[in-house]
Amino acid sequence: MNSTIFALASAPGRAGVAVVRLSGPDAGSMAGALGGPLPPPRQAVLRRLTREGAEIDHALLLWFAAPHSFTGEDVAEFHVHGGRAVREALFSALLALGARPAEPGEFSRRAVENGKLDLTQAEAIADLVDAETPAQLRQALRQHDGVLADLYEGWRAALIVALGRAEAAIDFSDDGVGDAEFSAARGAAQKISEEIQEHMDDAGRGESLREGLRLTILGPPNAGKSSLINALARRDVAIVSDTPGTTRDVVEARLNLGGYLLQVADTAGVRQTRDAIEAEGVRRALSHAAGGMTLLLLDGSLADPRAGLPADLPQPDLVVWNKSDLGGAREGISISLKTGEGLFMLQQLLQQKVQQRLENRGDAPLLTRPRHRHALNQALAHLLHGQNATADQPELLAEDLRLAMRAIGRITGRVDVEELLDFVFRDFCIGK
Ligand SMILES: Nc1nc2c(ncn2[C@@H]2O[C@H](COP(=O)(O)OP(=O)(O)OP(=O)(O)O)[C@@H](O)[C@H]2O)c(=O)[nH]1
Ligand SMILES: [Mg+2]
């Protein structure tokens with residue numbers, strides 16, 4: 001039997017209210033021991049919480065009887081005053097009653113184990129908590145509503161039907177029925193593999209939306225890259241100085257650009273150098289630029305703004321000329337980070353580019369996690385392999401359908417659940 005677990009569900013620190021969640025078979029008796037007779041389910045009541053006569057707090061108590069709770073178990077929620085002494089008094093009372101502190105993600109894990117959520121919905125809870133921008137929030141809410149679960153479970157259901165037909169083809173291989181069943185199964189494999197391919201062929205939009213799109217600022221030393229990240233972030237993220245080669249590490253800032261999360265990175269100026277530390281900075285700059293968008297920042301006031309840049313620098317998504325206040329007008333986007341000229345235009349343009357990259361065209365749900373992409377890749381490989389089977393080898397097709405089905409089942413948690421749970425809930429925070 002499961003133990004009864006508790007955790008702070010709200011953020012740590014001082015606050016008006018702190019929410020402590022208690023879940024498990026003894027949640028009812030423990031809540032009763034602290035706050036008196038249980039209220040009717042899902043009704044908030046004001047109670048005086050006491051432990052062996054000593055008062056803990058005046059608190060709201062909520063009771064959710066299994067299975068109608070977040071975890072599917074008996075759950076009590078204490079809304080206490082959000083101070084450290086109150087929380088610690090309540091925690092030690094719960095420990096004394098035999099409850100134990102929850103591990104990270106343990107509440108959501110129990111919800112999955114009890115069939116309240118599938119894995120994609122549990123992951124959506126983590127995304128909801130982490131969401132910083134409206135677009136991330138929208139995507140997480142849709143996933144929590146089950147749009148991805150429906151999509152993947154739909155494919156799994158279709159594969160089960162196809163597998164049934166492939167097995168019929170094995171059983172009836174001697175009469176004409178077998179061939180018809182085999183073609184139907186192979187046709188289904190083809191249709192599903194096309195749908196999976198289309199879903200995966202999204203240029204990573206859903207994943208970038210969730211994690212934030214990367215924009216790496218590249219350019220020669222002293223072009224003003226650190227000044228640019230500071231201007232975009234509206235705070236002093238990176239050191240600015242007139243010494244070329246100031247920045248060595250990759251310095252990142254997160255921006256909300258028109259509702260989308262952009263992770264901007266300032267990097268070391270790219271040039272040939274004998275300084276080993278600076279050379280490492282250049283290596284990091286180029287390797288960071290390998291994923292996401294790049295902005296090449298050049299000093300437009302110089303006679304040869306690209307001097308010293310290697311010929312194999314990655315093709316930038318955007319070239320921006322800085323120091324327009326020093327003259328030397330250039331074609332394209334010119335800014336001055338000294339006067340602020342052109343900065344608003346640049347922000348608008350960046351916003352457009354981010355939107356183009358991340359906007360969901362149409363209504364189909366986006367792939368949101370590398371874990372899902374990996375499983376879909378496996379499913380696709382099996383389906384493509386299965387389509388090579390000929391009518392006299394229905395068992396080969398059946399085996400590939402079964403493997404594809406399993407791969408997709410791993411996304412929602414319909415198979416191999418135990419091993420997956422550890423992986424998925426590893427990154428959860430406590431109390432979720
Ligand atoms: N006149 C003028 N000076 C600028 C402008 N933008 C930046 N600077 C100056 O240029 C110098 C270099 O700026 P940084 O932002 O440190 O340049 P960087 O590209 O990060 O340089 P490294 O880190 O060395 O690669 C500083 O002295 C800035 O004040 C501009 O638009 N006009
Ligand atoms: Mg710099």
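Arg42 sits in the loop between helix H1 (27–35) and strand E3 (45–51), where helices (H or I, at least four residues) and strands (E, at least two) are DSSP runs numbered from the N terminus. The phi angle of Arg42 is near 60°, a positive value in a residue other than glycine. Arg42 is exposed, with 11 other C-beta atoms within 10 Å. The burial labels work on a simple count: 20 or more other C-beta atoms within 10 Å of a residue's own make it buried, 12 or fewer make it exposed, and anything in between is partly exposed, with C-beta atoms placed from the backbone. This is a predicted model, so local features need pLDDT of at least 70 and side-chain atom pairs count only at pLDDT 80 or more, while totals for chains, interfaces and linings use all residues. Residues are numbered from 1 along each chain as its sequence is written, and chains are lettered from A and ligands numbered from 1 in the order in which they are written.

E3 runs antiparallel to E4, and seven bridges join them; two strands count as paired if DSSP finds at least two bridges between them. Arg47 has Ala59 in E4 as its bridge partner. The hairpin of E3 and E4 has two residues between the strands, and Glu52 there takes a positive phi near 50°. E4 is also joined to E5, again antiparallel, by five bridges, with Leu60 partnered by His79 in E5. The loop between strand E4 (54–64) and strand E5 (75–82) holds Pro67, and the peptide bond joining Ala66 and Pro67 is cis, with omega about 0°.

On to the domains, whose bounds come from an automatic or database domain assignment. The assignment gives domain 1 (5–102), domain 2 (121–202 + 367–425) and domain 3 (211–358). The C-alpha centres of domain 2 and domain 3 are 42 Å apart. Their contact takes five residues from domain 2 and six residues from domain 3, contact here being C-beta atoms, placed from the backbone, within 7 Å. On the domain 2 side, the touching residues split into two nonpolar, two polar and one charged.

Another sheet is open and has six strands in the order E8-E9-E7-E10-E11-E12, with mixed pairing. Strand E8 (251–257) and strand E12 (333–334) stand at the edges with a single partner strand each, so one side of each has no neighbour in the sheet. Strand E7 (residues 213–218) pairs in the parallel sense with strand E10 (residues 293–299) over four bridges, and Leu215 stands opposite Met293 in E10. H9 packs on the sheet, touching E7, E8, strand E9 (260–266) and E10, and its direction makes about 155° with that of E9; axes are lines fitted to C-alpha atoms, for helices over the stretch in contact, and angles run from 0 to 180 degrees between N-to-C directions.

The loop between E7 and H9 contains Asn222. Phi of Asn222 is positive too, near 70°, but Asn222 is buried, with 21 other C-beta atoms within 10 Å.

Finally, ligand 1 is surrounded by 24 residues, the closest being Gly224, Ser226, Ser227, Thr247 and Gly269; near means a C-beta atom, placed from the backbone, within 6 Å. Helix H9 (residues 225–233) gives the most to this shell, with three residues. By type, the shell divides into seven nonpolar, twelve polar and five charged residues, taking Ala, Val, Leu, Ile, Met, Phe, Trp, Tyr, Cys and Pro as nonpolar, Asp, Glu, Lys and Arg as charged, and the others, Gly among them, as polar.

Terms used:
Two residues are in contact if their C-beta atoms, placed from the backbone, lie within 7 Å.
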